[in-house]
Amino acid sequence: MSIFGKNSAVRQLDEKLHRIQMNFENNYKDAAQMNLKEMELLFEELSQAGKLSDRQKKYYSEKLDELNGKMKNFTHKDQKPTWV
């Protein structure tokens with residue numbers, strides 16, 4: 001959940017975070033990567049439109065950095081086959 005009031009921009013970003021987390025935990029690699037890209041675009045759009053405070057920008061920017069690090073090699077092509 002967000003540490004901020006639930007304005008529309010924050011709700012949208014929090015939903016993307018939730019989807020990313022669910023897909024990551026369920027090992028849905030393609031979906032998690034797609035949701036991360038969607039969140040990056042949404043964050044950029046909301047930031048440029050002035051819909052996020054500086055505090056919110058900092059919070060979500062840190063979340064995106066963290067997620068990008070977690071998912072750097074989170075793809076099917078990087079997965080080691082279990083049958084080898």
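**Entry 1: a first residue.** I began with glutamate 62, which is partly exposed at a relative accessible area of 42%. My scale here calls a residue buried under 20% relative accessible area, exposed over 50%, and partly exposed in between, using a 1.4 Å probe and protein chains only.

**Entry 2: ground rules.** I am looking at a predicted model, in which local features need pLDDT of at least 70 and side-chain atom pairs count only at pLDDT 80 or more, while totals for chains, interfaces and linings use all residues. Residues are numbered from 1 along each chain as its sequence is written, and side-chain values use heavy atoms, with hydrogens and water left out.

**Entry 3: the whole chain.** I found three helices and zero strands, running α-α-α from the N terminus. Helices here are DSSP runs of H or I with at least four residues, strands are E runs of at least two, and both are numbered from the N terminus. Of the 84 residues in the chain, 33% are buried. I also looked up contacts (heavy atoms within 4.5 Å). Among those with a separation of 6 or more, 67% join residues 24 or more positions apart.

**Entry 4: salt bridges.** How many salt bridges does the rule give? The count is three. The rule asks for a side-chain nitrogen of Lys or Arg within 4 Å of a carboxyl oxygen of Asp or Glu. As background, I noted that side chains of opposite charge can pair when their charged atoms come close.

Back to glutamate 62: its side chain meets that of lysine 58 in a salt bridge, 2.6 Å from N to O. Both residues lie in helix 3 (residues 54-70), four residues apart, about one turn of the helix. Lysine 58 is exposed, at 53%.

Next I looked up glutamate 15 and arginine 19, whose side chains form a salt bridge at 2.7 Å, N to O. These two sit in helix 1 (residues 8-25), also four residues apart, about one turn of the helix. Glutamate 15 is partly exposed at 42%, and arginine 19 is partly exposed at 36%. I jotted down that an α-helix has 3.6 residues a turn, so residues three or four places apart point the same way.

Where does the salt bridge of lysine 16 lead? Lysine 16 pairs with glutamate 38, with the closest N and O atoms 2.9 Å apart. This pair links distant parts of the chain, from lysine 16 in helix 1 to glutamate 38 in helix 2 (residues 29-48), 22 residues apart. Lysine 16 is buried, at 16%, whereas glutamate 38 is partly exposed, at 27%.

**Entry 5: asparagine 35.** I then moved to asparagine 35, found in helix 2. Is asparagine 35 buried or exposed? Asparagine 35 is buried, with a relative accessible area of 4%. Its side chain makes a polar contact with the side chain of glutamate 38, at 3.2 Å. Such a contact is a pair of N or O atoms within 3.5 Å; within protein, one must be able to donate a hydrogen and the other to accept it, and residues adjacent in sequence count only if both atoms are side-chain atoms. Leaving aside neighbours within four places in sequence, I see asparagine 35 in contact with Lys16, Arg19, Ile20 and Asn23.

**Entry 6: the rest of helix 2.** The buried residues of helix 2, including Leu36, Met39 and Phe43, pack against helix 1 and helix 3. After helix 2 comes glycine 50, with a positive phi near 75°.
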